[in-house]
Amino acid sequence: MNNFADKAELELFRDNVKRYIKEQVEPNYEAWEKEEIFPREVWNQLGEQGFLAVDIPEEYGGYGSSFEFSMVVAEEFSRANFGGLGGPMMVHSDIVCHYILNNGSEEQKQKYLPKMVSGECVGAVAMTEPGAGSDLQGVRTTAKRDGDDYIINGSKTFITNGQHCDVVVVVARTNLDVSGAKGTTLFLVDADTKGFSRGRNLEKIGLHASDTSELFFEDVRVPASAILGQLDAGFAVLMGELQRERLALSIGAVAASEGILQETVNYVNERQAFGAPLSKLQNTRFKMAELATDVRINRAFVDECMRSFVEGSLDVGTVSMAKLSSTEMQNRVADGCLQLHGGYGYMREYGVSRAFVDARIQRIYGGTSEIMKELISRSVLSQ
Ligand SMILES: Cc1cc2nc3c(=O)[nH]c(=O)nc-3n(C[C@H](O)[C@H](O)[C@H](O)COP(=O)(O)OP(=O)(O)OC[C@H]3O[C@@H](n4cnc5c(N)ncnc54)[C@H](O)[C@@H]3O)c2cc1C
């Protein structure tokens with residue numbers, strides 16, 4: 001059994017997302033980039049539009065749509081070159097909501113999911129620490145049992161939605177006598193809990209409209225009912241949810257590349273050099289041919305992965321290939337398109353400059369390209 005979406009409904013929904021982006025995001029995005037954060041009310045607006053966590057079941061306040069609808073949102077924000085909004089939405093809708101849906105207790109699902117669909121509650125996931133990124137077994141944040149409660153101490157960094165979040169999925173060690181893989185637990189921590197604080201909004205080279213922060217936990221007391229999934233089984237939850245996260249990043253990478261390529265087609269057809277449009281020069285033609293081929297091949301592969309995901313057969317090695325290939329490709333495309341814009345490509349006024357800086361993080365978060373190669377090699381060599 002699979003759950004493929006009706007194509008006509010999907011395209012209607014896509015038109016709505018595009019319209020919203022054109023009318024509400026485009027006119028404001030430059031100001032948000034300068035502020036280095038988009039306003040909190042935008043989350044409520046996105047919820048009212050029905051763009052958050054669209055594939056959460058109706059019993060938890062969602063629309064019960066298929067995964068493809070959620071990916072339409074990711075695709076269109078990426079294609080329009082508004083990754084500073086699309087990235088935070090993906091963390092909220094495609095990561096945190098699904099952690100809760102797939103691993104939460106009934107009480108946790110009822111408490112958080114309806115408000116996450118409406119945008120009243122913004123989610124973040126806090127794995128990375130100053131001393132532990134790729135190697136999550138090195139996490140040093142602890143949660144110690146105290147009666148019926150747990151006391152969390154530690155700090156996290158680079159957390160998307162760090163400034164706006166209302167609930168954070170926190171990765172903490174609950175058993176220091178065993179390996180991190182066996183002694184780690186996830187906790188749902190409300191941002192108004194005593195002892196929780198946000199650090200500054202970190203200054204990044206790209207994705208300026210999104211907020212990325214350090215988070216601090218100083219004797220944060222939470223009840224045992226705040227555990228997400230099972231005690232000491234946090235790694236299993238993380239591993240189980242990573243496929244969706246990496247697939248969503250891949251889909252965003254391909255859509256962003258398609259978007260910037262189209263913008264560059266328009267540019268090279270208009271910009272004149274030596275008495276003719278740039279598109280008449282053989283270098284431009286060949287470069288565009290190479291980039292378009294690169295994008296098309298990745299589109300085919302990512303679409304195949306999306307179908308496997310919906311059917312429930314997407315494996316770790318394959319999704320890692322998609323993340324590696326599509327995000328590396330996105331960077332090649334952004335760089336190639338910027339070059340074809342000449343000096344204008346280096347100006348913030350031109351979208352291609354933003355596509356270039358925003359693309360760079362795609363090879364790092366959600367597991368670096370090197371970690372993807374590690375995972376792919378394991379699956380290839382074990383065959
Ligand atoms: C804008 C932004 C948003 C982010 N959002 C979040 C978030 O919401 N939540 C969250 O928890 N984290 C988030 N992160 C953190 C991100 O996931 C990490 O930065 C990433 O996993 C890499 O970890 P690190 O930075 O500690 O680098 P390190 O792990 O220190 O890696 C440094 C280098 O060593 C390489 N390396 C490490 N291990 C290996 C290996 N085994 N083999 C080969 N090479 C290796 C890496 O590939 C990299 O090139 C975000 C980061 C950024 C910049």
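Predicted model: local features only at pLDDT ≥ 70, side-chain atom pairs only at ≥ 80, totals over all residues.
Residues are numbered from 1 along each chain as its sequence is written.

Let me begin with the domains, whose bounds come from an automatic or database domain assignment. The protein chain is assigned domain 1 (7-121), domain 2 (125-232) and domain 3 (235-381). Between the centres of domain 1 and domain 3, taken over C-alpha atoms, the separation is 22 Å. Across this pair, 18 residues of domain 1 are in contact with 19 residues of domain 3, where contact asks that the C-beta atoms, placed from the backbone, lie within 7 Å. On the domain 1 side, helix 4 (83-103) gives the largest share, 9 residues, helices being DSSP runs of H or I with at least four residues and strands runs of E with at least two, numbered from the N terminus.

I turn now to helix 6 (residues 234-270), which packs against helix 7 (residues 282-311) at an angle of about 155°, with the axes 10 Å apart. Here axes are lines fitted to C-alpha atoms, for helices over the stretch in contact, and angles run from 0 to 180 degrees between N-to-C directions. Helix 6 is therefore roughly antiparallel to helix 7, a label for angles over 145 degrees. The contact includes Leu247, Ile251 and Val254 of helix 6 together with Leu291, Val295 and Phe309 of helix 7.

Helix 6 also packs with helix 9 (residues 351-360), again at an angle of about 155° and with axes 10 Å apart, so these two helices are roughly antiparallel to each other as well. Their contact is made by Ala256, Ile260, Glu263 and Thr264 of helix 6 and by Gly351, Val352, Ala355 and Ala359 of helix 9.

Finally, which residues are the closest to the ligand? Of the 20 residues that surround the ligand, the closest are Met127, Gly133, Ser134, Thr368 and Glu370, a residue being counted when its C-beta atom, placed from the backbone, lies within 6 Å. Strand 1 (123-126), strand 3 (149-160) and helix 10 (369-381) each give two or more residues to this shell, and domain 2 and domain 3 each supply at least three.

Technical notes. Parallel < 35°, antiparallel > 145°, perpendicular 65-115°, else oblique. Contact = placed C-beta atoms within 7 Å.
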